[in-house]
Amino acid sequence: MKIKANSANSPIWKEVYSHAKLPKQLNPLFEMAHNLWWVWNHEGAKLFGRIDEDLWKSTEGNPVLLLQQLTYNRIEEIIADKAFMSEMNRVYADFKAYINQKPDQTKPSVAYFSMEYGLTNVLKIYSGGLGVLAGDYLKEASDSNIDLTAVGFLYRYGYFTQSLAMDGQQIANYEAQDFNSLPLTQVNTSDGEPFVVEVPFPGRTVFAHVWRCDVGRVPLYLMDTDIPQNSEWDRSITHQLYGGDWENRMKQEYLLGIGGVMMLNKLGIKKQVYHCNEGHAALLNAQRLVDYIQNDGLNFNQALEVVRASGLYTVHTPVPAGHDYFDESLFGKYMGEFPGKLGISWQDFIDMGRENPGSNEKFSMSVFALNTCQEANGVSWLHGKVSQKMFAPVWKGYFPDELHVSWVTNGVHMPTWAATEMKQFYAEKFPKELFSDQSNKSLWEAIYKISDPEIWGLRKTLKRKLIQYIREQYRGNWLKSQGDPSKVVSILEKINTNALLIGFGRRFATYKRAHLLFTDLDRLAKIVNNEKYPVQFIFTGKAHPADGGGQGLIKHIVEISRRPEFLGKIIFLENYDMRLARRLIAGVDVWLNTPTRPLEASGTSGEKAEMNGVLNFSVLDGWWYEGYKEGAGWALTDKRTYENQQYQDQLDAATIYHILEDEIIPTFFEKNEEGYSPRWIQYIRNSIAQIAPDYTMKRMLDDYISRFYNKLATRSALLKDKNYQKAKEIAAWKEEVAEHWDSFEVESFTSTPDIFTAQGPVVGEEYITKVVINRHDLKGMLGVEMLVIRENPETHAEEMINMHPFKLVKEEGARLYFESKITPDTAGHVRLGFRVYPENKDLPHRMDFAYVRWI
């Protein structure tokens with residue numbers, strides 16, 4: 001009998017991951033690796049780099065992965081290296097001294113919710129400016145010793161890694177993160193089991209593990225649904241940032257807001273202020289309402305007073321289309337049980353997310369945030385004004401300029417974004433208080449005492465560092481994507497330290513107008529091919545995978561960069577992340593920004609450039625509208641010449657060429673015998689002294705504390721005091737006013753002389769106007785005011801130009817007697833209006849109870 005071959009002898013493999021176990025002597029390295037303090041403290045990152053320079057580079061600067069991959073022999077060598085161990089202990093002592101400082105109890109405590117955080121390139125839970133801003137905020141909260149806890153998601157795939165096809169088409173690659181190799185710690189229960197948040201979803205429970213990311217002294221708790229307890233459908237909730245369909249977005253925002261509050265509750269974390277960074281987390285207030293009703297015995301209106309008094313909503317979007325809206329059917333699928341928990345009807349609940357209650361509008365997360373937060377703000381002065389107009393329909397009867405919607409201009413975390421050499425320069429040449437008192441302009445004026453050669457030498461060093469980084473990082477990728485090795489070598493060789501380098505790096509949305517520079521290619525070719533005055537442009541940025549226009553723009557720029565006349569003169573760097581950004585904003589000479597005004601809410605890349613002595617050339621929009629100073633950068637006008645955007649783009653492009661040719665390039669190349677332009681150095685001095693101190697994250701956080709956090713914490717405590725006595729009083733007053741609002745009657749209205757004569761009021765003449773109101777069943781006080789409006793000749797919108805309040809001169813029973821002495825000071829065609837509103841000194845502002853009747 002013939003023996004048969006064994007056909008089933010297939011190998012069986014099991015995945016295992018071996019990693020180094022550090023001995024006790026190296027525990028400080030493990031502890032520091034798991035706290036992002038090293039991201040903005042150079043001594044920490046430098047220490048990890050000394051362990052193994054090649055491994056540090058191959059792990060992309062991830063100290064956790066670096067330590068896991070150390071060999072046994074290398075560990076033994078480290079322990080035997082007395083100089084290294086001494087340095088480790090010194091850095092660790094600095095780290096512990098920083099970490100062990102207790103929070104500043106004079107500042108309010110904050111719970112901060114955001115969909116993304118840009119903290120370091122190794123933790124891929126961010127996509128762009130919103131996330132990087134949130135990351136900078138946590139770092140500065142740590143430096144400023146604020147008692148802040150942050151909430152977000154730990155994405156399995158995060159945002160995509162970008163590569164380019166041979167034809168320049170963007171390729172989005174989603175790479176899974178190994179959470180155990182990241183600077184994170186999984187939160188466990190006291191018995192060592194994973195801490196689990198159980199969030200009720202329609203018909204099921206979604207489970208989330210929780211990971212803690214320590215950002216200096218600030219904890220960031222990240223939820224992760226990619227665990228076996230969940231169905232495949234729910235595991236994907238935290239797979240991708242801004243990925244999937246509208247239902248997945250609804251699930252994400254439900255989990256972030258509702259699950260985030262449930263997580264904090266289970267962790268035993270309570271804060272004075274709840275800050276919603278964009279509308280994604282707005283549903284946190286829905287869960288907070290439920291908690292106050294179920295746990296504290298408040299009714300809906302009382303709970304709303306308490307929740308609102310401690311809520312802040314920051315909007316980053318300048319157009320309505322940029323906000324999240326959900327169909328009623330989809331929203332009802334997930335939120336249908338909440339009205340029952342709140343003790344209100346479905347109609348009342350969904351109307352909290354509509355500009356026009358009772359309509360068929362989609363549910364707006366932003367409107368819900370506005371209705372459940374006492375305070376709201378835009379992210380620059382100009383964006384604050386844009387936001388007032390955008391949100392005006394929520395509070396009918398009031399003009400945009402009257403709204404409580406305020407602003408805090410974004411800033412950047414200087415210790416993160418100033419290059420290492422720049423921080424050393426500041427530490428050596430500026431007063432020692434600079435890093436702790438960054439908003440103090442007098443400290444920055446030290447730049448005027450530093451010599452031209454020192455400043456120029458620093459700038460040359462940062463430029464060389466950028467060029468070296470490009471040559472090291474992109475040679476391999478370009479050989480794969482560009483095909484012709486000779487072209488790649490040519491590009492790398494043509495990057496010139498003596499050229500004027502102009503950088504453009506940001507998300508490739510069409511309103512960013514990256515195409516402007518390429519409007520007139522002949523003119524551009526003359527600029528970049530002038531051998532006497534060499535100029536090079538470096539572009540980088542990602543387009544959202546669903547944004548065909550943005551991806552097409554990248555492809556167009558790549559195609560142009562490969563033309564013979566632009567080869568090595570126009571360069572596109574793929575996979576824009578925090579690591580590349582940090583090199584780019586420090587290494588170029590000029591930072592270019594060309595958005596369509598007013599669509600740049602703030603923008604922060606130019607602010608990062610400011611910290612490094614890089615000059616800005618930008619449209620007067622966002623932060624640059626406030627920041628621009630003549631002699632410290634260049635600006636495109638904020639005025640619109642054409643309604644047709646294509647014509648306006650052509651005009652702006654021509655202006656860019658003109659300013660480059662006649663101002664920027666001549667100034668840069670106005671070089672002396674020592675090889676630099678004294679006038680350019682003076683621009684750098686002015687930029688650092690006059691602009692940089694106003695755009696640090698330290699100034700931004702100080703503004704949030706003074707403008708919002710302090711007042712929210714104070715008022716919230718007042719409303720909670722004595723078993724919510726004040727909250728109950730205000731809720732009862734609002735209920736009474738709402739019930740009887742239509743009952744009051746204007747019994748008389750007189751003006752002496754008559755302000756409504758056919759000839760109209762006379763400028764400079766006094767008019768005494770009297771109003772008598774019978775409140776009838778309405779209890780409480782009323783206010784009366786006259787408004788003067790006129791049409792703006794440019795926008796044709798009606799604008800309030802004056803407001804005259806009436807004085808209550810007498811109260812008899814239900815009757816109120818008002819009087820106002822008005823002296824018109826504006827000639828021309830105007831319109832007059834009179835309105836009545838409920839008055840209560842306990843309200844934070846009129847929008848808190850925006851009842852109004854025109855009479």
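Trainee: Why is Gln-388 called buried?

Mentor: Buried means under 20% relative accessible area, exposed over 50% and partly exposed in between, with a 1.4 Å probe and protein chains only. Gln-388 has a relative accessible area of 6%, so Gln-388 is buried. The model is predicted: local features need pLDDT of at least 70, side-chain atom pairs count only at pLDDT 80 or more, and totals for chains, interfaces and linings use all residues. Residues are numbered from 1 along each chain as its sequence is written, and side-chain values use heavy atoms, with hydrogens and water left out.

Trainee: Where is Gln-388, and which residues does it touch?

Mentor: Gln-388 sits in helix α17 (residues 381-391); helices (H or I, at least four residues) and strands (E, at least two) are DSSP runs, numbered from the N terminus. Contact means heavy atoms within 4.5 Å. Leaving out residues up to four places away in sequence, Gln-388 touches Pro-400, Asp-401, Leu-403 and Val-405. The C-alpha atoms of Gln-388 and Asp-401 are 6.7 Å apart, although 13 residues separate the two along the chain.

Trainee: What makes a polar contact between the side chains of Arg-354 and Glu-328?

Mentor: A polar contact is a pair of N or O atoms within 3.5 Å; within protein, one must be able to donate a hydrogen and the other to accept it, and residues adjacent in sequence count only if both atoms are side-chain atoms. The contact between Arg-354 and Glu-328 is 3.0 Å. Arg-354 lies in the loop between α15 (346-351) and β12 (363-364), and its relative accessible area of 4% makes Arg-354 buried.

Trainee: Why is the pair of Phe-518 and Phe-539 called tilted?

Mentor: Rings of Phe, Tyr and Trp (its six-membered ring) pair if their centres lie within 6.5 Å; planes under 30 degrees apart count as stacked, over 60 as edge-to-face and the rest as tilted. A search of the whole structure finds 50 aromatic pairs. For Phe-518 and Phe-539 the centres are 5.4 Å apart and the planes at 45°, so this pair is tilted. Phe-518 lies in the loop between β15 (500-505) and α23 (521-528) and Phe-539 in strand β16 (residues 535-540), so the pair ties together parts that are 21 residues apart in sequence. Phe-518 is buried at 6% relative accessible area, and Phe-539 is buried at 1%.

Trainee: What makes β23 and β24 paired strands?

Mentor: Two strands pair if DSSP finds at least two bridges between them. Strand β23 (residues 781-791) and strand β24 (residues 798-805) have seven bridges, in the antiparallel sense. Arg-790 stands opposite Glu-799 in β24. The two strands form a hairpin with six residues between them, and His-796 in the turn has a positive phi of about 65°.

Trainee: Why are β21 and β25 said to stand at the edges?

Mentor: The open sheet has four strands in the order β21-β22-β26-β25, with antiparallel pairing. β21 (745-752) and β25 (807-812) each have a single partner strand, so one side of each is left without a neighbour in the sheet. β25 pairs with strand β26 (residues 815-822) over five bridges, in the antiparallel sense.
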